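Q: Hi! Could you walk me through this model, starting with how the strands pair up?
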Amino acid sequence: MRGINKVTLLGRLGKDPETQYLESGTPLSRFTLATNDRYKDKSGNWVDQTEWHNLVLWRGLAEIAEKYLKKGSLVYIEGKLRTRSWEDNGVKKYSTEIVADNLIMLDRKEDGEHPSGGFSNGGAAPMGANVDEPDDLPF
């Protein structure tokens with residue numbers, strides 16, 4: 001039986017996307033995304049809780065992020081959770097990231113600022129398509 005690894009987020013970018021191109025020419029963009037939750041505590045006071053998520057976008061989505069997204073942009077993201085590990089001076093470290101499959105930009109369009117609608121990984125795959133990452137992952 002296969003498991004399901006699906007993440008859906010709606011939030012704002014915490015910083016401008018950082019885009020790099022691998023030796024193969026494949027673009028990779030990274031940024032943080034803030035999601036907010038609001039609830040009442042035991043005293044009846046409203047509490048705002050912010051969670052920060054590390055996002056990774058490949059190929060066409062990375063190019064779109066580089067061109068149109070900036071700190072504060074409102075986006076809807078669908079993707080998968082990925083945890084990677086490495087050693088730093090003998091200490092094992094971990095990072096959990098969301099690898100995006102779909103992106104919808106939700107900011108208001110201002111004079112051609114960005115195209116409207118959603119985008120799938122690779123820029124050409126249909127929305128919801130299962131698009132695997134390239135073989136030349138840097139980790």
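A: Happy to! Thr-19 has Ser-29 in β3 as its bridge partner. A quick note on the source: this is a predicted model, where local features need pLDDT of at least 70, side-chain atom pairs count only at pLDDT 80 or more, and totals for chains, interfaces and linings use all residues. Residues are numbered from 1 along each chain as its sequence is written, and side-chain values use heavy atoms, with hydrogens and water left out.

Q: Which strands does that pairing involve, and in what sense do they pair?
A: Strand β2 (residues 18-21) and strand β3 (residues 27-40) pair in the antiparallel sense, with four bridges. Strands here are DSSP runs of E with at least two residues, numbered from the N terminus, and two strands pair if DSSP finds at least two bridges between them. Glu-18 has a partner in β3 as well, namely Arg-30.

Q: What happens in the hairpin of β2 and β3?
A: There are five residues between the strands, and Gly-25 takes a positive phi near 95°.

Q: How many bridges join β3 and β4?
A: There are 13, and β3 and strand β4 (residues 46-58) are antiparallel. In the hairpin of β3 and β4, five residues lie between the strands, and Gly-44 has a positive phi near 90°.

Q: And how is β1 joined to β3?
A: By two bridges, with strand β1 (residues 7-13) running antiparallel to β3. Leu-13 is partnered by Leu-33 in β3.

Q: Switching topic: how many salt bridges does a search of the whole structure find?
A: Eight. A salt bridge here is a side-chain nitrogen of Lys or Arg within 4 Å of a carboxyl oxygen of Asp or Glu. Among them is Arg-30 with Glu-97, whose closest N and O atoms are 2.6 Å apart. That pair links distant parts of the chain, since Arg-30 sits in strand β3 and Glu-97 in strand β6 (residues 91-105), 67 residues apart.

Q: Is Glu-97 buried or exposed?
A: Glu-97 counts as buried because its relative accessibility is 3%. The cut-offs are under 20% relative accessible area for buried, over 50% for exposed and partly exposed in between (1.4 Å probe, protein chains only).

Q: What about Asp-48 and Arg-38?
A: Their side chains meet in a salt bridge at 3.2 Å, N to O. Asp-48 is in strand β4 and Arg-38 in strand β3, so this pair ties together parts 10 residues apart in sequence. Both Asp-48 and Arg-38 are exposed.
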